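Morning, everyone. One structure today, and a short walk through it. Please bring it up on the screen.

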Amino acid sequence: MSRSNLNTFSPQHASAATQQSVLPTFEKGSSVIVVGAGAFGSWTSLYLLREGFKVTLIDAWGPAHSRSSSGDETRVIRSTYGANELYFDLNVQALALWKENQRSFGQQLFHNTGVLWFCYEETTPLVDDSLPFAQKHRMEYQYLSPLELRKRFPLIYVDDLHHAYFDPYGGYLQARQSVQAVSTCFIKEGGDYIQSFVKPKAISSDKLCGVSLSNGNHLEADAYIFACGSWLGKVFPDVLGDVITCSKQEVYYFGVPSHESLAYDQLPVWVDVDGKDFYYGIPGNSNRGFKLGVDIRGEKFDPTSGDHILDPETLDKARRFITHRFPSLKHAPLIENRVCPYENSPDGNFIFDLLPATSNAFVLGGGSGHGFKHGPALGQMVAKILSGDQKVPTLFLLKNRIE
Ligand SMILES: Cc1cc2nc3c(=O)[nH]c(=O)nc-3n(C[C@H](O)[C@H](O)[C@H](O)COP(=O)(O)OP(=O)(O)OC[C@H]3O[C@@H](n4cnc5c(N)ncnc54)[C@H](O)[C@@H]3O)c2cc1C
């Protein structure tokens, strides 16, 4: 198991982070097929439609199904990305779009609980390096000493922490519910949705010639976007087989003591910056229990045929952690759990680029454990790139991963 696990919280960035590149553009009114109705594909389809494209969204098992990365109860939304300003800024845009869209969907999808970062050392670059960006956006974090932490959050054991930072602007998103709301809205606004497994057809004269569906149909469009999450490596094994890797990630829902259930519900999202396992927690979860996630990359996983069964050793370790950090959960039973695939790119950065040797087929993915929150901002960005109103961050190009 790899322990160099910073990619979720701070994807690699370089001087290229601010560079932008041009991709082919398409007339408004052109037809686009989007394959994959997870967070990336659903939001992208909705924004393409709003940008004036004719969009067909296709998924093998349905929006946010349980094998997909988007199919859990909740996801963290946080701006903190170490020194990586690109994602801080993308998150600021995403946050505004989540608020705007949830108003139009008539459903609360964003819960502004704040995000609490447990810091073990005086210097914690993952959080500290984001502070100037927070200041720039007038989204300052609050520094909390152990004394202040103990007073404000008595459920948390703080003696091994140097301090914490509280980001009052973050929180969590309803995951499955929001992807399904986006897909419903996409259909309501005039998009076509098909449930079917897709195979890309041949490439001829730099054009993908269409897609075959498991229902026997063949479809053609002016442009194609493959937002297939963990399956991208299977759909394009020659190009992406080694680029997108799928790891097995576990989340647990623990039962809290009855007299403390409200206090646990009222905790913010928290992240334990221990530099090893990177445990994190999310309140809410439709009363499923107190959620604990393990961010360290799990074993290699097949998103189609992998059994969603917990690894006893990983669970045992997680229990020890939860008992340590939240002492009143010492005897907490595990009441629900979930296995979810991470769709990892090699450096943790998202991918949006043309499929090599084509001028009409794009790959969108590499959420790498942190993509969910960015869904609306990324979808809007892709729609604007296709219509020629925006360029793509060079960091998202495939050439950075396959050369
Ligand atoms: C345990 C866990 C915790 C996470 N926590 C966070 C978090 O706190 N915050 C955050 O922002 N992000 C988080 N993430 C990451 C985030 O959930 C993902 O980056 C995001 O959901 C990826 O969305 P996607 O649309 O790319 O992939 P998916 O949701 O997997 O969607 C891909 C879709 O493509 C479809 N598909 C694939 N191949 C085909 C085909 N050939 N034909 C038809 N359909 C096909 C699949 O059926 C699937 O529905 C977490 C992920 C996991 C697993």
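First, a definition: two strands pair if DSSP finds at least two bridges between them. Strands themselves (E, at least two residues) and helices (H or I, at least four) are DSSP runs, numbered from the N terminus.

Now the ground rules. Residues are numbered from 1 along each chain as its sequence is written. This is a predicted model, so local features need pLDDT of at least 70, side-chain atom pairs count only at pLDDT 80 or more, and totals for chains, interfaces and linings use all residues.

Overall picture. The protein chain holds 12 helices and 24 strands. Its C-alpha trace spans about 65 × 45 × 40 Å along the principal axes. The radius of gyration, taken over C-alpha atoms, is 21 Å; a compact globule of 403 residues would have one near 22 Å, so the two agree. That globule rule is 2.2 Å times the number of residues to the power 0.38.

Next, burial. A residue is buried if 20 or more other C-beta atoms lie within 10 Å of its own, exposed if 12 or fewer, and partly exposed in between, with C-beta atoms placed from the backbone. Of the 403 residues, 46% count as buried.

Let's zoom in on strand E18, residues 269-273. How many of its five residues are buried? Five of the five, so E18 is largely enclosed by the rest of the structure. In a regular strand the side chains alternate between the two faces of the sheet. Here, Val 269, Val 271 and Val 273 point one way, Trp 270 and Asp 272 the other, and all are buried.

What does E18 pair with? Strand E6, residues 115-119, runs parallel to E18 and is joined to it by five bridges. Val 115 has Val 269 as its bridge partner. Strand E19, residues 279-282, runs antiparallel to E18, with two bridges. There, Val 271 is partnered by Tyr 280. E18 and E19 make a hairpin with five residues between them, and Gly 275 in the turn has a positive phi of about 80°.

Last stop, the ligand. Its shell has 40 residues, and Gly 36, Gly 38, Gly 229, Gly 367 and Gly 371 come nearest. To be near, a residue needs its C-beta atom, placed from the backbone, within 6 Å. Elements giving two or more residues to this shell include helix H1 (39-50) and strand E3 (54-59). Strand E21 gives the most, with four residues.
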